[in-house]
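Good morning, and thank you for coming. Please look at the sequence and the model on the screen; I shall then go through one part of the fold.

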Amino acid sequence: MRAWAVENPGPLERGPLSLRSRPMPRAEADELLVRVLVCGVCRTDLHVAEGDLPVHRPGVVPGHEVVGEVVEKGTEVTEFEVGDRVGIAWLRRTCGRCTYCRGGRENLCPRSLYTGWDADGGYAEHTTVPAQYAYRLPPGYADEQLAPLLCAGLIGYRAWLRAQVPDGGRLGIYGFGASAHLTAQVALASGVTVHVLTRSEAARSLALELGAASAGGPADRPPEPLDSAVLFAPVGDLVPVALEALDRGGTLAIAGIHLTDVPVLTYQRHLFYERTVRSVTANTRCDGQEFFRFAARHPLRVTTTPYLFEEADRALADLAGDRVRGAAILRIGSAT
């Protein structure tokens with residue numbers, strides 16, 4: 001099969017990704033072998049390719065927003081059948097035994113493994129997934145619309161929960177890419193006022209089209225104090241900006257797996273009046289199942305920019321340069 005591999009992590013201009021011929025993967029007893037139809041291009045893939053995240057698997061195949069078709073199942077698998085459409089997300093395995101797993105917080109498992117980082121992902125014609133970590137996908141969406149839901153949607157939903165937005169509250173969203181444009185719709189469907197702050201004019205236009213009350217630059221002050229904020233842009237300089245925009249008792253959730261250094265915070269200016277900063281670490285399978293039920297009840301407008309499989313390196317470069325409207329998608333198989 002053909003697959004893109006991160007052979008030399010580093011800046012994109014040095015070409016860290018290479019398209020290669022690789023042996024077909026084999027499904028273990030508890031796994032599915034999946035023919036990849038489409039794979040979303042996530043900012044985490046960019047961090048893996050450029051070496052912002054430490055190498056966990058040399059020559060890894062990135063990609064963890066996979067929609068595909070089961071072509072083979074392991075001997076222990078009972079949940080799926082050959083021909084089923086499935087989704088593969090970032091969280092690949094957890095130990096199931098630690099305090100975090102037993103307490104419903106498997107996203108914090110110290111032995112957790114991740115698709116496209118610890119194991120080969122979806123920038124390939126075939127991949128594998130443990131059956132218990134594969135998702136059944138909501139009806140009413142094309143494959144290209146489903147792919148971004150598997151990370152952009154899931155982590156945005158987790159960030160939405162972590163931000164603790166009150167009923168009828170005011171939410172600020174910093175950065176407006178794949179994840180943010182889905183989270184905004186979750187918030188709007190829940191009766192929340194959304195203010196978007198991002199550097200891209202095209203993204204601000206999309207935010208207003210989706211129903212945001214305002215859209216400004218990342219350093220702008222929103223038109224009213226915020227009850228909650230979610231920072232999607234991996235820019236530490238925006239942490240104090242977002243904190244200053246919060247009302248008393250407000251919460252800032254930082255959604256990225258990677259963030260540049262945060263400037264020194266002033267207690268009185270940024271944190272007093274019980275403002276809270278919370279990080280977001282992956283999502284649980286329970287989050288995923290809950291989010292897909294939400295997506296089935298509330299149809300989401302998923303904005304995508306498609307690329308051919310052979311254009312994966314260009315898709316990552318466009319993502320890095322804020323040239324992607326919504327979510328970038330690699331077309332690999334015959335997607336619907």
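Which residues in α6 are buried? They are Ala203, Leu206, Ala207 and Leu210, where buried means under 20% relative accessible area, with exposed over 50% and partly exposed in between, for a 1.4 Å probe and protein chains only.

Because these residues cover an arc of only 105° around the axis, they lie on the same side of α6; the arc is that of the directions from the helix axis to the C-beta atoms. An α-helix has 3.6 residues a turn, so residues three or four places apart point the same way.

Let me state the basis. This is a predicted model, in which local features need pLDDT of at least 70 and side-chain atom pairs count only at pLDDT 80 or more, while totals for chains, interfaces and linings use all residues. Residues are numbered from 1 along each chain as its sequence is written, and side-chain values use heavy atoms, with hydrogens and water left out. Helices (H or I, at least four residues) and strands (E, at least two) are DSSP runs, numbered from the N terminus.

The cover over the buried residues of α6 includes α5 (178-189), β11 and β12. At the start of this helix, a side-chain oxygen of Ser200 comes to within 3.3 Å of the backbone nitrogen of Ala202. Just after α6, Gly211 has a positive phi of about 120°.

Now the sheet. Six strands, in the order β12-β11-β10-β13-β14-β15, form an open sheet with parallel pairing; two strands pair if DSSP finds at least two bridges between them. At the edges are β12 (214-216) and β15 (276-279), each pairing on one side only. Five bridges join β13 (residues 226-231) and β14 (residues 246-254) in the parallel sense, and Val230 stands opposite Ala253 in β14.

Helix α6 (residues 201-210) packs on this sheet, touching β11 (193-197) and β12, and its direction makes about 175° with that of β12. Contact here means heavy atoms within 4.5 Å. Axes are lines fitted to C-alpha atoms, for helices over the stretch in contact, and angles run from 0 to 180 degrees between N-to-C directions.

The largest nonpolar core has 46 residues, and Leu149, Ile173 and Phe176 have the most contacts inside it. Such a core is a set of buried Ala, Val, Leu, Ile, Met, Phe, Trp, Tyr and Cys residues joined through side-chain atoms within 4.5 Å. Its largest share, six residues, comes from α4.

Terms used. A polar contact is a pair of N or O atoms within 3.5 Å; within protein, one must be able to donate a hydrogen and the other to accept it, and residues adjacent in sequence count only if both atoms are side-chain atoms.
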